[in-house]
Amino acid sequence: MKNNELLTQAIRAKKQAYAPYSKFPVGAALLTTSGKIYTGCNIENASYSLTCCAERIAIFKAIAAGERNFTEMAVVANSKRPVPPCGACRQVMSEFFEPTMVIYLANAQHQLITMTMEDLLPFSFDASDVTK
């Protein structure tokens with residue numbers, strides 16, 4: 001898939017963000033191996049710790065729909081630089097994305113950085129670290 005379609009979907013999702021506190025809307029679009037796109041936007045809460053980021057919402061929607069295999073993700077925000085995912089999102093992403101999966105990070109000025117999951121979170125905590 002061309003990153004333009006994912007970026008377009010992420011921009012559309014950003015318009016649905018509920019960000020009355022930070023005034024920082026974010027949109028994400030996630031492509032599955034089956035060709036479906038799941039979008040997410042950040043949803044804030046007056047109790048800030050209950051806020052959920054666009055990336056996690058897109059991932060959780062896809063997982064809830066039974067998807068488990070992903071190929072690309074795009075994340076867009078009105079930031080000075082292409083928006084980096086927060087640490088919590090990176091950890092969730094590493095749970096479901098292959099280390100080589102491509103992630104597009106962009107801003108409203110159409111600056112774009114293409115990274116892999118491994119680039120975003122090297123040496124991540126994963127299932128092999130959980131002892132049973």
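**Reading a predicted model**

Student: Is Val83 buried or exposed in this predicted model?

Tutor: Val83 has a relative accessible area of 6%. Buried means under 20% relative accessible area. Therefore Val83 counts as buried.

Student: Where in the chain is Val83?

Tutor: Look at the elements on either side of Val83. They are S3 and H3. The place of Val83 is in the loop between S3 and H3.

Student: Which residues is Val83 in contact with, leaving aside its neighbours within four places in sequence?

Tutor: Contact means heavy atoms within 4.5 Å. Apply that to Val83, and skip its neighbours within four places in sequence. The contacts of Val83 are then Phe24, Val75, Val76, Ala77, Leu105 and Ala106.

Student: What separates the C-alpha atoms of Val83 and Ala108?

Tutor: Along the chain, Val83 and Ala108 are 25 residues apart.

Student: Which buried residues does helix H3 have?

Tutor: Helix H3 covers residues 87-96. What covers its buried residues includes helix H2, strand S3, strand S4 and helix H4. The buried residues of H3 are Cys89, Val92, Met93 and Ser94.

Student: Which residues is Glu55 in contact with, beyond its neighbours within four places in sequence?

Tutor: Start with its place, helix H2. Two of the buried residues of H3, Cys89 and Met93, are among the contacts of Glu55. The whole list is Val26, Ala28, Met73, Val75, Pro85, Cys86, Cys89 and Met93.

Student: How far from Glu55 is the nearest side chain of opposite charge?

Tutor: Glu55 is buried yet has no salt bridge. A salt bridge needs a side-chain nitrogen of Lys or Arg within 4 Å of a carboxyl oxygen. The nearest side chain of opposite charge is Arg56, and its distance is 6.6 Å.

Student: How far apart do the centres of the positive and negative side chains lie?

Tutor: The protein has 13 positive side chains and 11 negative ones.

Student: What pattern does the protein follow along the sequence?

Tutor: There are 4 helices and 5 strands. Read along the sequence, the pattern is α-β-β-α-β-α-β-β-α.

Student: What radius of gyration does the protein have?

Tutor: The protein has 132 residues, so a compact globule would have a radius of gyration near 14 Å. The value for the protein agrees with that: 14 Å.

Technical notes: Residues are numbered from 1 along each chain as its sequence is written. This is a predicted model: local features need pLDDT of at least 70, side-chain atom pairs count only at pLDDT 80 or more; totals for chains, interfaces and linings use all residues. Side-chain values use heavy atoms; hydrogens and water are left out. The radius of gyration is taken over C-alpha atoms; the globule rule is 2.2 Å times the number of residues to the power 0.38. Lys and Arg count as positive and Asp and Glu as negative; His and the chain ends are not counted. The place of a charge is taken as NZ of Lys, CZ of Arg, CG of Asp or CD of Glu. Buried means under 20% relative accessible area, exposed over 50%, partly exposed in between (1.4 Å probe, protein chains only).
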